[in-house]
Amino acid sequence: SLRLLLELGVQRPDSCAATSILEHAAWLRQLLGERGLKVHAPARRHQQSGITGITWPGAGPADYAAARKYLLEQNVVVSLRGGRLRVSIHAYNNAQDLLRLVSALDEFRAQAA
């Protein structure tokens, strides 16, 4: 997979792959923000990547662990890092992947409420 990513030029900030990752990450941050979720990612463009941390008011470590478990059951892979959910967008992710994540997270939060 590393060979493929290097062939796509993901290490160059102006490559199609890198641009796609950053655009998807920006769109995800927008979708999450519209839902009142807190997004943890660098604000400066030159520091950004496909990694986005997610938290929400009133939630703690057990909530994020339960959300991760639920998301995995929905075939949405996220991890837990630094006391928050962590999404890692890559060159092979697309808009449908992000919408699936947001929808599953909406479902989880509605059930937990």
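Three aromatic pairs turn up in a search of the whole structure, which is a predicted model. Rings of Phe, Tyr and Trp (its six-membered ring) count as a pair if their centres lie within 6.5 Å; planes under 30 degrees apart are stacked, over 60 edge-to-face, and the rest tilted. Trp 56 and Tyr 64 form an edge-to-face pair. Their centres are 4.8 Å apart, with 80° between the planes. Trp 56 is buried, with a relative accessible area of 10%. Tyr 64 is buried too, at 4%. Buried means under 20% relative accessible area, exposed over 50%, and partly exposed in between (1.4 Å probe, protein chains only).

Trp 56 also pairs with Phe 108. Here the centres are 6.5 Å apart and the planes stand at 65°, so this pair is edge-to-face. Both Trp 56 and Phe 108 are buried. Trp 56 lies in the loop between strand S2 (51–55) and H3, while Phe 108 lies in helix H4 (residues 95–112), so the pair ties together parts that are 52 residues apart in sequence. Trp 56, Tyr 64, Tyr 70 and Phe 108 form one aromatic cluster.

Now for the overall layout. The protein has four helices and four strands. From the N terminus on, the elements run α-α-β-β-α-β-β-α. Helices (H or I, at least four residues) and strands (E, at least two) are DSSP runs, numbered from the N terminus. Buried residues make up 35% of the 113 residues in the protein. Among contacts with a separation of 6 or more, 56% join residues 24 or more positions apart. Contact means heavy atoms within 4.5 Å.

Residues are numbered from 1 along each chain as its sequence is written. In this predicted model, local features need pLDDT of at least 70, side-chain atom pairs count only at pLDDT 80 or more, totals for chains, interfaces and linings use all residues, and side-chain values use heavy atoms, with hydrogens and water left out.

Follow helix H4 next. H3 and H4 pack at an angle of about 125°, with their axes 10 Å apart. That makes H3 oblique to H4. Axes are lines fitted to C-alpha atoms, for helices over the stretch in contact, and angles run from 0 to 180 degrees between N-to-C directions. Angles under 35 degrees count as roughly parallel, over 145 as roughly antiparallel, 65 to 115 as roughly perpendicular, and the rest as oblique. The crossing of H3 and H4 is right-handed. A crossing is right-handed if the near helix is turned clockwise from the far one by less than a right angle, and left-handed if anticlockwise.

Which residues make the contact of H3 with H4? H3 supplies Asp 63, Ala 66, Ala 67, Tyr 70 and Leu 71. H4 supplies Leu 101, Ala 104, Leu 105, Glu 107, Phe 108 and Gln 111. By class, they divide into eight nonpolar, one polar and two charged. Ala, Val, Leu, Ile, Met, Phe, Trp, Tyr, Cys and Pro count as nonpolar, Asp, Glu, Lys and Arg as charged, and the others, Gly among them, as polar.

H4 also packs with helix H2 (residues 16–34). The angle is about 25°, and the axes are 11 Å apart. That makes H2 roughly parallel to H4. H2 passes H4 in a right-handed crossing. From H2 come His 24, Trp 27, Leu 28, Leu 31 and Leu 32. From H4 come Ala 95, Leu 98, Leu 99, Leu 101, Val 102 and Leu 105. This contact has 10 nonpolar, one polar and no charged residues.

Thr 52 sits in strand S2. At 0% relative accessibility, Thr 52 is buried. Leaving aside residues up to four places away in sequence, Thr 52 touches Arg 29, Leu 32, Val 39, His 40, Leu 85, Arg 86 and Val 87.

Leu 72 is in helix H3. At 32% relative accessibility, Leu 72 is partly exposed. Leu 72 and Ala 104 are 32 residues apart in sequence and 9.7 Å apart in space, C-alpha to C-alpha.

Asn 75 lies in the loop between helix H3 (61–73) and strand S3 (79–81). Is Asn 75 buried or exposed? Asn 75 is exposed, with a relative accessible area of 61%. Most residues other than glycine have a negative phi. Asn 75 is not a glycine, yet has a positive phi of about 65°.
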